[in-house]
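Reader: I would like a close look at a single part of this model. Please keep it brisk.

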Amino acid sequence: MRIRSGFTIVELVVVVVIIGILAALALPQYIKTVERARQSEAMANLAAIKGAQVRYYLENANYTTNFDNLDIDNTSTGTYFNYMPLNPGSATGVVANATRTGVKNPCVAAKKNYTINITNNGTISVPDCF
């Protein structure tokens, strides 16, 4: 009599189903983590734009909406965000914003492109797209 070793097809299917369930649970959390990392890039760029806006304001007594007037490189188009310096109104105080592009944007499936704003006092608003 011969002893057979190995896995049956039922055992393999059970393992594949378990792996599929674990992947289905882990993937959304992974996507959120990656998006938060991309948002941190935008926040760092917005802080640089805000600093340049403040320097421009101290020299000219107003803010600018043109990157050419700022003392930083033109970063209007980033990898995942498009940046825009703004002249803050009295109500908003937003000196720059970053709008999420469609490049690997998980929020596009929910039809949500979002914008991160930074005010002249340094407050950053990050909307949640999930």
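Which residue in β4 is the bridge partner of asparagine 117? Please take me through the strands around that pair, then the helix.

Author: The partner of asparagine 117 is serine 125, in β4. Keep in mind that this model is predicted. Strand β4 covers residues 124-125. Two bridges join β4 to β3, and the two strands run antiparallel. Together β3 and β4 form a hairpin, with four residues between them. Glycine 122 sits in that turn. Its phi is positive, about 95 degrees.

Now the other pairing of β3. This strand, residues 115-119, is also joined to β2, residues 94-100. Five bridges link β2 and β3, again in an antiparallel arrangement.

Next, the helix. Helix α1 spans residues 9-60. Alanine 47 belongs to α1. Alanine 47 counts as partly exposed, because its relative accessibility is 42%.

Isoleucine 21 is another residue of α1. With a relative accessible area of 49%, isoleucine 21 is partly exposed. Isoleucine 21 also belongs to a nonpolar patch on the surface. Other members include Phe7, Val14, Val17, Ile18 and Leu25. Together, the residues of the patch have about 1,100 Å² of accessible area.

Key: Residues numbered from 1 in each chain as written. Predicted model: local features only at pLDDT ≥ 70, side-chain atom pairs only at ≥ 80, totals over all residues. Heavy atoms only, no water. Buried < 20%, exposed > 50% of the residue type's maximum accessible area, 1.4 Å probe, protein only. Pairing = 2+ DSSP bridges. Patch = residues over 30% accessible without salt bridge, like charges linked within 9 Å, V, L, I, M, F, W, Y side chains within 5 Å. Areas by Shrake-Rupley, 256 points an atom, 1.4 Å probe, with all protein chains shown as cover. Salt bridge = Lys/Arg side-chain N within 4 Å of Asp/Glu carboxyl O.
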